[in-house]
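Colleague: I have not looked at this one before. Can you take me through the contacts, one interface after another?

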Amino acid sequence: MKRAFLLMVFSGFVFAEPTARDVTEAMKRDFHPRGQAKMDRVPQDGLQRICTDTRDKPPAALAKQIEADQMRTIVFPTGSLMGDWKRAEKVAQDGRGSMWSDKPGAPAGGSCYNCHQISPQETSYGTLGPSLLGFGKKRGNGPEMQKYVYGKIYNAKAYNACSQMPRLGYAGTLTEEQIKDLVALLLDPASPVNR
Amino acid sequence: MRRALACAAVLMVAPALAQQKNQFADYQRMTAEGSPVELFELGGEELWKKPQGPKNASLEKCDLGKGPGILKGAYAALPRYFKDAGRVMDLETRLLHCMMTLQGRSREEATKQLFGNADRPSEMEYLSAYVAGHSRGAKMAPGASHPKEKESYQLGKALFFHRAGAWDFSCASCHGAQDKRIRMSALPVLSAPKFARPLIATWPAYRVSNSQFKTMQWRLNDCYRQMRMPEPNFASDSMVALNMFLATTAKGAEYRGPGTKR
Amino acid sequence: MMQRRGLLKAAGALLLAGLLKPFAALAAWNKEAFASKSSADAMKSLGSPSAEASGGIVIEAPQIAENGAVVPIEVTSNIPGTTSIAVLVEKNPYPLVAKFDFTEGALPFVKINAKMGETSDVRVVATAGGKHYQATKEIKVTIGGCGG
Amino acid sequence: MAGPMKMRATLASGYTDVRVLMTHPMATEQQTKGQPHFIQNLEVKVNGKTVIEGQISQAVSRNPVFSFRLKGGAKGDKIEVSWLDNKGDTNKTETAVA
């Protein structure tokens with residue numbers, strides 16, 4: 001009896017899938033800080049933990065709860081959320097920012113084209129996210145839509161708990177001004193996205 | 001009406017996707033034909049046979065799992081558990097072990113330049129090319145019987161799906177769904193044998209974008225950089241575990257490397 | 001036979017000279033042509049200011065390149081008596097990539113890997129019997145990876 | 001010291017196929033802040049006789065690979081390829097046609 005118990009514990013110890021906590025411990029042991037990428041990036045926050053544990057499919061009620069929590073992190077600026085679409089193209093193109101190889105404090109990009117089609121003239125775009133071509137033309141550009149786009153870029157998890165899109169404002173990668181410019185890139189009727 | 005439109009959209013997208021998949025076929029064939037990858041195998045052979053370190057010994061007696069000095073099929077059978085080290089090792093971890101034990105070199109000195117550049121290629125890169133070249137045609141069969149091997153696989157798998165860091169990424173954030181791209185680069189689903197096999201069976205590889213030979217540990221290191229994470233320690237259990245997970249997912253594939261990649 | 005032996009002897013002497021002073025016997029690197037910022041200027045410096053379009057030049061290259069750091073370009077000239085082939089990438093900062101001179105012992109064929117900064121026409125100029133011919137092919141250069 | 005070179009010369013139908021690989025950074029002006037480092041001259045010889053002279057720029061990819069075709073040829077012909085770069089470094093390799 002005792003032996004069977006020990007065997008269970010032993011085999012459980014050796015073969016069970018490691019928990020998210022075990023993985024965090026392994027990463028604390030096996031990673032080191034470099035540049036701006038410090039070890040405080042290793043421990044998971046609640047959202048990362050739940051998404052890892054559920055393989056990005058949290059139960060609906062939990063997802064709703066996460067989204068509400070994340071919504072509260074978004075700092076909406078007062079006044080117009082539409083910046084300058086002409087400046088935004090560069091931000092959308094730029095894939096740098098927040099990496100150990102990036103200069104801390106240097107302006108970061110949004111890596112937008114890595115995953116999305118945006119302006120029609122850029123044909124090297126990724127497909128991890130949906131195409132945003134014609135976004136404003138299809139969806140309108142009223143205050144509610146501006147608020148949605150701003151919020152989505154600031155913290156995508158407020159709209160889809162386990163989205164693969166980074167929380168670009170919340171993580172401190174993009175500034176308020178950069179996000180407003182991106183809002184204009186998607187919504188301004190004069191932007192190449194909508195022409 | 002809306003549904004009909006959506007269907008039409010799907011129909012239009014399907015052929016475009018098929019075309020996308022093949023549009024780089026000519027490029028990939030021509031770059032592979034004109035690849036300088038053999039230079040790295042040659043350079044690696046020289047380094048393998050060159051006496052170095054305090055013991056002035058070459059690596060020719062390094063046991064990569066098939067016995068001292070046996071290269072044939074060795075890479076395809078890695079990672080695996082090594083009794084003399086008491087842990088699971090991948091190719092680079094084992095090479096480092098041999099440099100320290102056979103050549104008497106310090107870890108610090110032997111890892112001074114792990115990832116090379118144009119002016120200073122790395123010893124690890126040359127040696128990886130040379131060793132991997134001896135597994136051409138061998139079936140990928142990483143260790144799978146020792147408890148530590150199973151443990152390593154499980155840790156690797158958990159790491160693959162573990163979301164963390166400034167951008168909440170896991171490996172699966174990019175390598176988890178079919179037919180996706182970053183910019184124009186195809187993203188194979190590395191947790192699925194069908195997609196992992198052709199890819200893993202051609203690493204390590206000459207990478208044309210860096211115009212440099214690149215190892216698996218470099219590949220993982222650069223992924224974590226772009227995942228906005230701190231830097232993984234070279235030859236750590238976590239990196240070996242990820243390699244174990246990938247190699248096990250690709251097991252049964254015929255090794256066709258060292259390859260040539262974008 | 002005698003002739004061939006004489007030739008070999010001469011070649012041997014050249015080889016010796018070559019050993020003493022590598023590349024002394026070769027045409028100097030055409031600095032002006034390689035420093036040209038337009039293909040028109042480069043062609044002028046190469047002595048082929050104008051060239052007529054020819055189907056005798058075959059450019060084999062991918063239509064679309066996954067990365068501009070390595071773009072394989074294979075050129076065959078089917079124009080009889082071709083003695084040189086130049087490869088230019090129109091939109092590179094310095095368009096002239098390479099120029100090869102062929103003697104009777106070689107076929108007018110070459111395959112190289114070139115760097116391309118962006119989508120561009122590749123222009124090939126072949127010289128045969130003192131006349132110049134050209135052909136072009138567009139190669140699209142795409143962006144891959146995360147851009148970090 | 002220049003890194004390794006590798007060459008293969010094989011008989012094809014009516015010509016000899018030569019493929020040569022060179023280790024070289026081929027560093028551009030842009031990459032080096034104005035100190036480019038690249039091969040400028042190439043020479044291909046058959047049994048001591050020059051058959052191809054090449055001049056190349058910094059726009060040839062790093063670790064250059066070239067394919068050439070030589071007229072006719074016979075097993076055992078000696079093929080030599082040498083290069084010279086803008087810093088005066090040089091290297092050569094030779095092989096017999098197989």
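**Contacts between and within the chains**

Modeller: Let me start with a strand pair: β1(A) and strand β7 of chain B, residues 231-232, pair in the antiparallel sense over two bridges. Bear in mind throughout that this is a predicted model.

Colleague: Which residue stands opposite B:Glu231 in that pair?

Modeller: A:His32 stands opposite B:Glu231, which lies in β7(B).

Colleague: How many residues of chain A and of chain B are in the contact?

Modeller: Chain A gives 53 residues and chain B gives 40 residues. The area buried between the two chains is about 4,200 Å², and carbon and sulfur atoms give 56% of it.

Colleague: Which residues of chain A lose the most area to chain B?

Modeller: Those are A:Phe31, A:Trp100 and A:Leu128, which together make up 16% of what the chain A side buries.

Colleague: And how many salt bridges and polar contacts are there across A and B?

Modeller: The rule finds six salt bridges across the interface of chain A and chain B. For polar contacts, the count across the interface of chain A and chain B is 30 residue pairs, both residues at pLDDT 80 or more.

Colleague: Which elements of chain A supply at least two residues each to the side that touches chain B?

Modeller: They are α1 (2-15), α2 (20-30), β1 (31-32), α3 (46-53) and α6 (112-115) of chain A. The largest share, seven residues, comes from α2(A). By class, the side of chain A that touches chain B has 22 nonpolar, 19 polar and twelve charged residues.

Colleague: Back to A:Arg167. Which residue does A:Arg167 meet within chain A?

Modeller: A:Asp45; the two side chains meet in a salt bridge at 2.9 Å, N to O. So far as domains go, chain A is divided into domain 1 (2-53) and domain 2 (85-187). Across the interface of these two domains the rule finds one salt bridge, along with four residue pairs in polar contact, both residues at pLDDT 80 or more.

Colleague: What classes of residue are on the domain 1 side?

Modeller: The residues of domain 1 of chain A that touch domain 2 of chain A divide into three nonpolar, three polar and three charged.

Colleague: How many Å separate the centres of the two domains?

Modeller: The centres, taken over C-alpha atoms, are separated by 32 Å. The contact takes nine residues from domain 1 of chain A and ten residues from domain 2 of chain A.

Colleague: And what area is buried between the two domains?

Modeller: About 760 Å², of which carbon and sulfur atoms give 56%. In domain 1 of chain A, the residues that lose the most area to domain 2 are A:Arg34, A:Gln36 and A:Leu47, together 59% of what that side buries.

Colleague: Now the other chains. Which pair of chains has the most contacts?

Modeller: Five pairs of chains touch, and the most contacts among them are between chains A and B. Chain A and chain D do not touch, and their nearest C-alpha atoms are 17 Å apart.

Colleague: What about C and D: how many residues are in contact?

Modeller: 36 residues of chain C are in contact with 40 residues of chain D. The area buried between chain C and chain D is about 3,300 Å², with 56% from carbon and sulfur atoms.

Colleague: Which elements of chain C supply at least two residues each?

Modeller: α1 (2-20), β6 (96-102) and β7 (106-114) of chain C do, on the side that touches chain D. β7(C) gives the largest share of that side, eight residues. By class, the side has 26 nonpolar, five polar and five charged residues.

Colleague: Which strand of chain D does β6(C) pair with?

Modeller: β6(C) pairs with strand β4 (residues 49-56) of chain D, in the antiparallel sense, over five bridges. The bridge partner of C:Phe100 in β4(D) is D:Gly54.

Key:
Residues are numbered from 1 along each chain as its sequence is written. Chains are lettered from A and ligands numbered from 1 in the order in which they are written. This is a predicted model: local features need pLDDT of at least 70, side-chain atom pairs count only at pLDDT 80 or more; totals for chains, interfaces and linings use all residues. Side-chain values use heavy atoms; hydrogens and water are left out. Domain bounds come from an automatic or database domain assignment. Contact means heavy atoms within 4.5 Å. Buried area is the accessible area (1.4 Å probe) that two parts lose on being put together, summed over both. A salt bridge is a side-chain nitrogen of Lys or Arg within 4 Å of a carboxyl oxygen of Asp or Glu. A polar contact is a pair of N or O atoms within 3.5 Å; within protein, one must be able to donate a hydrogen and the other to accept it, and residues adjacent in sequence count only if both atoms are side-chain atoms. Ala, Val, Leu, Ile, Met, Phe, Trp, Tyr, Cys and Pro count as nonpolar, Asp, Glu, Lys and Arg as charged, and the others, Gly among them, as polar. Helices (H or I, at least four residues) and strands (E, at least two) are DSSP runs, numbered from the N terminus. Two strands pair if DSSP finds at least two bridges between them.
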